[in-house]
Every structure is written in structure tokens, then in C-alpha cells.
Amino acid sequence: MTAAEEYDVVVLGTGAAGLTAALRAAADGASVGLFEKADTVGGTTAWSGGVSWLPLNRHERELGLPDDRETVLTYLDSLSHGLIDPVMAAVFVDTAAEVVDWLEENSPVVFETVRGLSDYHPEHPGGRREGRSVECPLYPFEELGEWSARVTRGYQLTGVIAMSETPLGRRAPHGVPAEELARRRLRDERGCGQALVGRLLRGLLDLGVTPRTGCRGERLLLEDGEVVGVRLTGPGGALETRARGGVVLATGGFERDPDLVRAFLRGPLERPVSVPTNTGDGLRMAMRVGAALGNMREAWWVATIDVPIEGRGVQPWQVNSERTRPHSIMVNRHGRRFTDEAANYNALGNAFHVVDVARFEYVNSPAWLLFDHHYLATYGLAGRTAAEPVPDWIVTAPTLAVLAERIGVPADALGATVEGWNTDVAAGSDPDHGRGESHHDRAWGDTTRFGETRQATLGPVDAPPYHAVQVRVGALGTKGGPQTDGDARVLDVDGAPLRGLYAAGNAMASVMGMTYGGHGGTLGPALVFGYRAGRDAATRAREGAALAATAPA
């Protein structure tokens, strides 16, 4: 037997996009069925830094930071390479501030500017050094009751600090005092993506919307060309949910499905850094009903290293700040530097997909992060402090020649690379790849020299012993999916809306194309298009009910 339920709006997925879609629809008076494939809620959003790129927000204005619509659109266009739809970009920019205001007025969500966080390409036309990225302050999870234990937690950014309190955020570059951390634990106060998810979830619970976990969406229900519901499998077996206003796909990307990765992505993806449930369920459902697809080759790329995590085994660790610090470089299989190591992580992904057409090999995969004793003693690595012994997953050698042998790269090439790097650093620049020229590069480097000079990221590799860890290309999620219009309505292969079907977050074709506007460039669009999807679906349900009420008996 298949159970049946009926709602105004059905939302699949409980990341930022799904929670926002459900919240907006419920606040508009719609009955909402909210379903999550995992046993916990929050998706990859709960694992993230929780920062949202929402230009023109009121906090930016209140700080007196100059910005305007045309400047933001100019910036996005400068990064487009023809892959950003200007109409969708305009919708995003025109709605971002509205989303901030609406969430703050209608839910426990509160935002504040993360000072010092620049756009990812601040030197491009229209780029800014701060203001467009916001985060939620700490949220006491005790206010979620039993749901406090049902929000998924990762292993990098799931503690009791906010992004603004990390070295990147600069508010507390030397750490939060132990007594303050102890105080926060009394009420289970959490920051980063946990704070955003916790606040959105509390808002939904207050409106009477309770997520249903362990429910996987499998097939959309189609009648006369209109999506009228979805078939799911849950703890109790098969379930059919009807949706008068529409179904919102917010199921994340497809980075955890090897077949879909092979079919669509432009190059290797070795290490997904996302929740295991992101296997393309929404994508497959949309394809079955004729959705047009877009941006399928792209992902939110990130460089990773393999690190043993207690209780989790070996996990991919995002080396975002680690690779930007002085006294380190990255080299490829030929022992040569190949990129600006301090570039933003999404842009850096391009370097791993370069092909040598003669040898038909990916030139820069595998790669190695190379650093010296000064680096390790000063900064540590991947959560390991400088005081701890060097772990066995870091390759160590007394000389560069021995290190080259141990990591399998040519010793003469590696020696020449390091010698050339040290010479350039002594002269104060990186003529080969421009490391340190961007404000972004300098911001991610040595926390004690925040943004002051190129030396925040430049430093010689000259203090033995030498160390290396293999770097693998990873992704926070994929960026391709069904194409949508400005209200997140899924379009069919002829460009017409598929009635009753919406997509948001990483389940839709990203408005960002191949780029990443700034810190929070994933979550900002997720909030915006989740908001627009929930609003439109609720309106559609309301209008349908009104039409039915006036129809002849």
C-alpha cells in the first residue's frame, strides 16, 4: 500500500534553499510538506562556513560601504565568460537585499557583515573589499529542543565560533578565550552554517512545519504536463505527496554519484566535500519530466588533502587558508609550480583540469603542497597545532632531494622550482603567477599580517626539514541542474516553465556560471531562489484554491 498526503507546497531537501523555500511558503499561509533524505537536517549548508553573498544588503549600507546595482552587475559580468545569464543575475541582485530584510523580519534569522571578507576577485571591475558577505551570529541550539541533535555536523566548521571569529574573519585572530567557549557550551551556541540552519529551522518549527527525515524523493507525479506531487520512500515505505502549488527540488548536487560526475563534469573530481546524500536525486527526477539542463560541467571546486579524523576515518580536508600561507608552495607531478596558490578555491579548480595534449594527461593532478619547518612550527596544518608531533600522513624529509624521491617528482626540477621561488620572494613578488597581488590573496595568508603586503602570503621555503601532502581536487557541490526562470520555475527543453516544478540551491543551474562571486557565493543564491520558489509556489496554490472555489459545481 502507498500512503498519500496532500499539501499546498512540497519541498525536498533541508539545506539553505529548501528551508528558505519552506519558510517563505509557510509564512504566506501555505501548508508545507518538508522532506529530507538523510536522518538529520541541514544538508551541506550545516557543514559550511554559513556565509552568504548577498550584495546591497542593509548591513552593507548601514556601514557606509559604497555599492549599487550596476556595480554588482558589472562585477558579475566581468567574471561571466558568457556563462552567466544577465537576466538571472539581475533577478539575484535585485532580490538579495529583500531576502535579508524578509528573513530578519519574519524569522529568527539575523545577519551581520563579516568585516574584511572581500569578493573573490576584488580587483575586477565592480569588485569590493568587504560588505557583500553576511553571516548569522551564534545561535543557542537549546532553543531547538529535540531538534538540536538532529542537525548534521561536519568536521571543519561545526564548532562554537562564527566565521568572523576564525583567522579569516579576523575578529579574534588569536582565538576565542576558553571561558567564553565554555559559556557558549552551556546553551549549545553554534556559529557558521549551524547558526544559519538552526535559525531557519526554528522559524519553520514556529510555523508548524516539521521536517520529515529519512524520506527520499524518487519520481515526480505528472498529470496533463503538470507536476502535481512526488513519490517518496520513507521509514514507513512508499509515500505519495500531492502538491497544489508545486514541488521544490532543493536536494543538493550530484557530486556523490560517480556516474553523473563522469557524464557531466569537465574534469576529475576526486574528493566531494559535502553530505553523502548529494547523489543527484533532484536532477534525475527533473530529467525524467523533460527539464532543460544548464551549467552541468561546473562545480564549486576546492583543493583538499586527506586527513584522519577521529571517529570518521580519513576525510578530505579543505586546504583554503593552509595553501596561502608563507613558506609554502604547490607543485605538480613534474616538480613545478603551476598556479597562484592563494587564489580563491573555486578558481583554483581550473588549474587541476589542465590537459597536456601531447601526453594526454592532467598536468597538475596529482599535486603536492610543499612546506618547510618554519611553516609547520608557525601554523600547524589541518587542525594539528605546531606543538604536536608531525603525523605520519605528512611526508617529511631532511632535504628537498629526498623529499622529491619520496613524493615521486624529479629532484632537479623541484630544487630549481624552490630556488626560483625563494629568489622571487626575496625580491618581493611572484612574477610567474601573481601570488599576493590580489587583496584576496593577502587576506587569506598570515593572520598577523592581514592584507598589509604581499608578504602576508609570500615566504621562502628554506628551513629543513621539508614536508609535503598530496593535494586532490574536490568540490563543495556541483553547480549544474535544471534551468529555471527568475522565480525558480524549472524550464522544459523548449524554454517553457514546467508547471508545478521549482528548483533552488545546488539542485538548479547556478546563476553564478563558472565563477564564485565572493564568500557565500553558494548560499546567497540558494537563499534568494529558495525564497522566490517558496513565494511563487504558495501564490500558485492560493490562486488555484481561489479558482476552484469559484468554479461551477
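Axes are lines fitted to C-alpha atoms, for helices over the stretch in contact, and angles run from 0 to 180 degrees between N-to-C directions. Helices (H or I, at least four residues) are DSSP runs, numbered from the N terminus. The model is predicted: local features need pLDDT of at least 70, side-chain atom pairs count only at pLDDT 80 or more, and totals for chains, interfaces and linings use all residues. Residues are numbered from 1 along each chain as its sequence is written, and side-chain values use heavy atoms, with hydrogens and water left out.

Helix 1 (residues 16–27) packs with helix 14 at an angle of about 35 degrees. Their axes are 7 Å apart. The crossing is right-handed, meaning that the near helix is turned clockwise from the far one by less than a right angle. Contact means heavy atoms within 4.5 Å. On the helix 1 side, the contact is formed by Ala-16, Ala-17, Thr-20, Ala-21, Arg-24 and Ala-25. Helix 14 contributes Leu-523, Ala-526, Leu-527, Gly-530, Tyr-531, Gly-534, Arg-535 and Ala-538. By class, this contact of helix 1 with helix 14 has nine nonpolar, three polar and two charged residues. Here Ala, Val, Leu, Ile, Met, Phe, Trp, Tyr, Cys and Pro count as nonpolar, Asp, Glu, Lys and Arg as charged, and the others, Gly among them, as polar.

Helix 3 (residues 69–78) and helix 4 (residues 86–106) cross at roughly 140 degrees, and their axes come within 10 Å. Helix 3 and helix 4 are therefore oblique to each other. Angles under 35 degrees count as roughly parallel, over 145 as roughly antiparallel, 65 to 115 as roughly perpendicular and the rest as oblique. The crossing of helix 3 and helix 4 is right-handed. Arg-69, Val-72, Leu-73 and Leu-76 of helix 3 touch Ala-89, Ala-90, Val-93 and Asp-94 of helix 4. Six of these residues are nonpolar, none polar and two charged.

Helix 11 (residues 400–407) and helix 12 (residues 411–427) cross at roughly 125 degrees, with axes that come within 9 Å. This pair is therefore oblique as well, and its crossing is right-handed. Leu-400, Ala-401 and Ala-404 in helix 11 meet Ala-411, Leu-414 and Val-418 in helix 12. The contact has six nonpolar residues, with no polar and no charged ones.

On a 1 Å grid over the protein atoms alone, a cavity is a set of points where a 1.4 Å probe fits but cannot get out, and a pocket is an open set with protein on both sides within 12 Å along at least five of seven lines; lining residues have an atom within 4 Å of a point. Grid points are joined across faces, edges and corners, and a volume is the space filled by probe spheres set on the points.

The whole structure holds two cavities of 30 Å³ or more. The lining of the largest cavity divides into six nonpolar, four polar and no charged residues. The second largest cavity has a volume of about 30 Å³. Among its lining residues are Phe-254, Leu-283 and Asn-506.

The second largest pocket has a volume of about 380 Å³. Of its 21 lining residues, Leu-79, His-121, His-124, Asn-344 and Ala-347 are the closest to its centre.

Definitions and conventions:
Helix = DSSP H or I, 4+ residues; strand = E, 2+ residues; numbered from the N terminus.
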